[in-house]
Amino acid sequence: MHRRLFPRTLALAALVAVAATAGAPTATAESPTPAVTRLNATIDAILADSRLAGAQASVVVRDVASGATLYDRNGDRRLIPASNTKLLTSAAALELLGPGHRFRTDVHTSGTRRAGVVAGDLHLRGGGDPTMLAADYDALAAQVAARGVRVVTGDLVADDTRYDDTRLGPDWTWDDEPYYYAAQVSALTVAPDTDYDAGTVIVGAAPAATPGAPPVVTTTPATGYVRIDNRAVTVADGETTISIERAHGGNTVVVTGQIAVGDAPASDWVTVWEPTGYAADVFRSALRRHGVRVLGRTVLGRPTPAGASEVARHDSMTLAELMVPFLKLSNNGHAEVLTKETGRVLAGSGTWPAGIAAITGYLTGAGMDPATFRQRDGSGLSRRNLVPAGEVVDLLTAVRAEPWFDTWYAALPIAGDPDRLEGGTLRSRMRGTPAEGNVHAKTGSLTGVSALSGYVTDADGRLLAFSIMLNNHLASSVRGLEDQIAVTLAAYTGTSVSAARVAPPRVAEAPAAPEDRECSWVKPVAC
């Protein structure tokens, strides 16, 4: 593949139209070596597993340095990539926004200010930061108080206008809506903890002291924005069966089931309806704690006036730092925010279409053929995303030349590393094999969809780029087959036929993921 450098101006031009590009000519294939022949036979044997009966597979392996393709099974076939879509989104974001990009959240006053009284409104303006915690809003409130503001006679205005008001991604299914991986996207939001699942609240249910009483239900962060309908009961003994669900269209969280006296609390992440209001509620509470009273209402979605005065500001971590929780934990919300942020920065439009157009422009410049793939969102939750494994490998090969590659490579999950922010979604996979600590790759999972794409260093020290996409399988999990391929590649040597065996390697199966969830990271199970 001949990679050409991608200027930012090309991405902007791509927002208007993506020019049609012809596919690169196919080089004349040389006769494969005995080692490559054995490698192909081994991978073919893995893909012949009965778990893939009636399924589709697209698998490509390439030597990054030489550009030689070592294996290609349906490499041009478009399949659903699930969270492998994040490879496309993250690479484009690092190039188009830059590793040093930060999100700003600030507070302004409008009207006049005298002796601690603002005769006007207080404006909380969101910059898209998906890492804003309750503690960050508290720090903003402390800054407001430190500026001498004591009373605001007008409204608290939550300005989320950096992005549009389309909260859910294209083609997302309705039954995913309550779960943390399908949170609504807003330029002003709250994350409950340092996993940074923005737009969610952690609801906990602890057993009461006596049987028959309802459990003690709490939220993290503490907020009145969600209403708890506690229908659960504490029992003397028995299995904990607590269920925590939010109904469509509102913020009533229903807690049902039972929990035994003395059991550990049960908890779950629940999305909120309209994250802008959630952020405003958390901020208003923080203002109250710091002695700042807002006499008016909370108003959502009104832009901050041009002449307003800044009284507080918070800057996020850099994009390079954000890559770690984003890719290690496969955070869907981060992918969607970066998509809208890319559209906002390059085209002045914080929307999915503008962001996808910019991402497509970058991918085109990086050597992917836009006629061969379709991207509908940033995270891969949409089942209308379609990408061939060969195009993913083209991208993996091209980005090796980018100045931010080392940051990106380090942010990918690492096979078998037990540290949650190192191994990420691969932390329980490929342990005790040549792939452990070696494979850096992005996972992906939807019901009937599984993918693994990234890098592995083979036994000769060569870096291989690979993409494995498996679709339409009925088995609950086929991740073990992906792992067998990755381990085979880690053990491969081009100088010894015997090292590339026809018999697939034995690999311990990672824990199965719950059905019907986009579960590249289902808490607390890595999938």
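**Before starting**

The model is predicted: local features need pLDDT of at least 70, side-chain atom pairs count only at pLDDT 80 or more, and totals for chains, interfaces and linings use all residues. Residues are numbered from 1 along each chain as its sequence is written, and side-chain values use heavy atoms, with hydrogens and water left out.

**The whole chain**

Helices (H or I, at least four residues) and strands (E, at least two) are DSSP runs, numbered from the N terminus. Of the 527 residues, 57% are buried; buried means under 20% relative accessible area, exposed over 50%, and partly exposed in between (1.4 Å probe, protein chains only). Contact means heavy atoms within 4.5 Å. Among contacts between residues at least 6 apart in sequence, 72% join residues at least 24 apart.

Select residues 319–328, helix H6, where 7 of the 10 residues are buried. The buried residues are Leu319, Leu322, Met323, Pro325, Phe326, Leu327 and Lys328.

Now extend the selection to the largest nonpolar core, which has 50 residues. A nonpolar core is a set of buried Ala, Val, Leu, Ile, Met, Phe, Trp, Tyr and Cys residues joined through side-chain atoms within 4.5 Å. Met323, Tyr362, Val399, Trp408 and Tyr455 have the most contacts inside this core. Two or more residues each are given by helix H3 (85–96), H6, H7, H8, helix H9 (389–398), helix H10 (405–411), strand S23 (449–457) and strand S24 (463–471). The largest share, 7 residues, comes from H3.

Centre the view on tryptophan 408. Leaving aside neighbours within four places in sequence, tryptophan 408 is in contact with Leu87, Ser90, Ala91, Leu94, Met323, Leu327, Leu396, Val399 and Tyr455.

**Helix H8 and its partners**

Select H7 (residues 332–347) and H8 (residues 352–365), whose axes come within 7 Å and cross at roughly 85°. Axes are lines fitted to C-alpha atoms, for helices over the stretch in contact, and angles run from 0 to 180 degrees between N-to-C directions. H7 and H8 are therefore roughly perpendicular to each other; angles under 35 degrees count as roughly parallel, over 145 as roughly antiparallel, 65 to 115 as roughly perpendicular and the rest as oblique. On the H7 side the contact is made by Glu336, Thr339, Lys340, Thr342, Gly343 and Leu346, and on the H8 side by Trp352, Ala354, Gly355, Ile356, Ala358 and Ile359.

Next, show H3 with H8. These axes come within 9 Å and also cross at roughly 85°. Here Leu88, Thr89, Ala91, Ala92, Glu95 and Leu96 of H3 meet Ala358, Ile359, Tyr362 and Leu363 of H8.

**Aromatic pairs**

The whole structure holds 10 aromatic pairs. Rings of Phe, Tyr and Trp (its six-membered ring) pair if their centres lie within 6.5 Å; planes under 30 degrees apart count as stacked, over 60 as edge-to-face and the rest as tilted. Select tryptophan 172 and tryptophan 352, an edge-to-face pair at 6.2 Å centre to centre with 70° between the planes. Tryptophan 172 lies in the loop between strand S9 (156–159) and strand S10 (200–206), and tryptophan 352 lies in helix H8, 180 residues apart. Both tryptophan 172 and tryptophan 352 are buried.

Move to tyrosine 179 and tyrosine 181: the ring centres are 5.8 Å apart and the planes are at 15°, so this pair is stacked. Tyrosine 179 is buried at 18% relative accessible area, and tyrosine 181 is buried at 3%. Finally, highlight Trp404, Phe405, Trp408, Tyr409 and Tyr455, which ring pairs link into a cluster.

**Two single residues**

Select threonine 210 in the loop between S10 and strand S11 (216–220). This threonine 210 is partly exposed, at 48% relative accessibility, and touches Thr234 and Val261, not counting residues up to four places away in sequence.

End at aspartate 483 in helix H12 (residues 479–491). Aspartate 483 is buried, with a relative accessible area of 0%. Beyond neighbours within four places in sequence, aspartate 483 is in contact with Arg429, Met430, Leu452 and Val507.
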